[in-house]
Amino acid sequence: MKLVCSLRWLSDGTYLFCTLMEHQAKSKSFFTVQLTDWHANTNERSLPWKSEKDPYRIWLSEVILQQTRAQQGLPYYLAFTNAYPTVQQLAEADENEVFRLWQGLGYYNRCKNMLATARIIKDQLGGIFPDNYDGLIQLKGIGPYTAAAIASFAFGQPNAVVDGNVYRVLARYFGIELPFDTSEGKKHFAALAQQLLDVNNSSAYNQAIMDLGATVCTPRKPKCSECPLSKKCIACRDNLIELLPVRSKRIEVKKRFFHYLLIHWQDYVWIRKRTGNDIWQNLHEPFLIETVTPMETEDIIQTENFKNTGLNYSTITYESKTTQRLTHQIIEARFFSLHFSKKPAMKSHAGVWMNKNELRKTAFPKTVLSFLEKKLYF
Ligand code: SF4
């Protein structure tokens, strides 16, 4: 009998090494068999990228679905596969067009990396995706999860996927109290997932565990009565569902205040491209003054940032505010308008004047786009 080891995380911060004997090994085989049977006979989750064998489309779907719910990602997947049916077409696409198509999905670094990878595949790999995990993981923006997903779904390679759904299902079924977001936790879950994998049908197994996590073993109110694993699930048996999986630390959420000044001259608005290592990189926005506390109109004109523009303002009108929640940040965006009859000189700030037509073709963060759409009626 093969021995398998597991770590149990105790409240005093130590690990208890547990040697899991025959019954645990049987439980694992029960896990894999039940899961794949459920997938074959009961799982009705239907999404266009399921059963897809084209590595490009699998990759697109995985990049779009990172940090995004399937229903939210679906129209983006369809838009991208429609606009760029092949990796070559994506690689040759106009960058601004690609960002516009991505608009509203957030996490714009994903889009930037996706484009960079498409160009590497086209220019350096002859337009062909690597057909194994080790080759895939070398590519920009492809981490262990995406590499395993492409390797198994497109090429039938024996690589287990590990994402939030998988952490949840495994932590609950095996009663694992080890935090999944530590390096030990990650190693432990990855090794366990790999042991459980049906190596002869990795694609179906991976799809099954992801679908179970998304539709049955959900973060809140899992449907244990419909779950094929309930008979041996430790969380279900010991009433641990609310406690598992365990995260090591609370996510710190930072609040930021973005004061957007819409500087109008004739039919034009002054717009700049976001640069630097920050959110919404490569997207566009009106003139921004960021602070750690909210400001009113009279405070804005006193800021160095505003004075440095050299603008000879007449009146600033407050328009509206909106809040957007990101994983680690809450952005409160306040919008103000300034109208000029003569073209103002925007000193030392790289930006351009855009009319409605140009604004429509430009990629903006969702928060800014919603305001522009409402205010400028495009
Ligand atoms: S029995 Fe409930 S908690 Fe256990 S794996 Fe199934 S859905 Fe999740």
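Two strands are said to pair if DSSP finds at least two bridges between them, where strands (E, at least two residues) and helices (H or I, at least four residues) are DSSP runs numbered from the N terminus. The structure described here is a predicted model, in which local features need pLDDT of at least 70, side-chain atom pairs count only at pLDDT 80 or more, and totals for chains, interfaces and linings use all residues. Residues are numbered from 1 along each chain as its sequence is written, and side-chain values use heavy atoms, with hydrogens and water left out.

Strand 7 (residues 317–325) pairs with strand 8 in the antiparallel sense over eight bridges, and the two strands form a hairpin with three residues between them. Within this pairing, S320 has F335 of strand 8 as its bridge partner. Strand 8 also pairs with strand 3 (residues 254–265), here in the parallel sense and over 12 bridges, and S337 of strand 8 is the bridge partner of L262. Strand 8 itself (residues 329–340) is mostly covered, since 11 of its 12 residues are buried (under 20% relative accessible area, with a 1.4 Å probe and protein chains only).

Turning to the helices, helix 2 (residues 55–65) and helix 6 (residues 108–124) pack at an angle of about 160°, with their axes 10 Å apart; axes are lines fitted to C-alpha atoms over the stretch in contact, and angles run from 0 to 180 degrees between N-to-C directions. The two helices are therefore roughly antiparallel to each other, a term used for angles over 145 degrees. The contact (heavy atoms within 4.5 Å) is made by W59, L60, V63, I64 and L65 of helix 2 and by R110, M114, T117 and A118 of helix 6.

Key
Buried means under 20% relative accessible area, exposed over 50%, partly exposed in between (1.4 Å probe, protein chains only). Angles under 35 degrees count as roughly parallel, over 145 as roughly antiparallel, 65 to 115 as roughly perpendicular and the rest as oblique.
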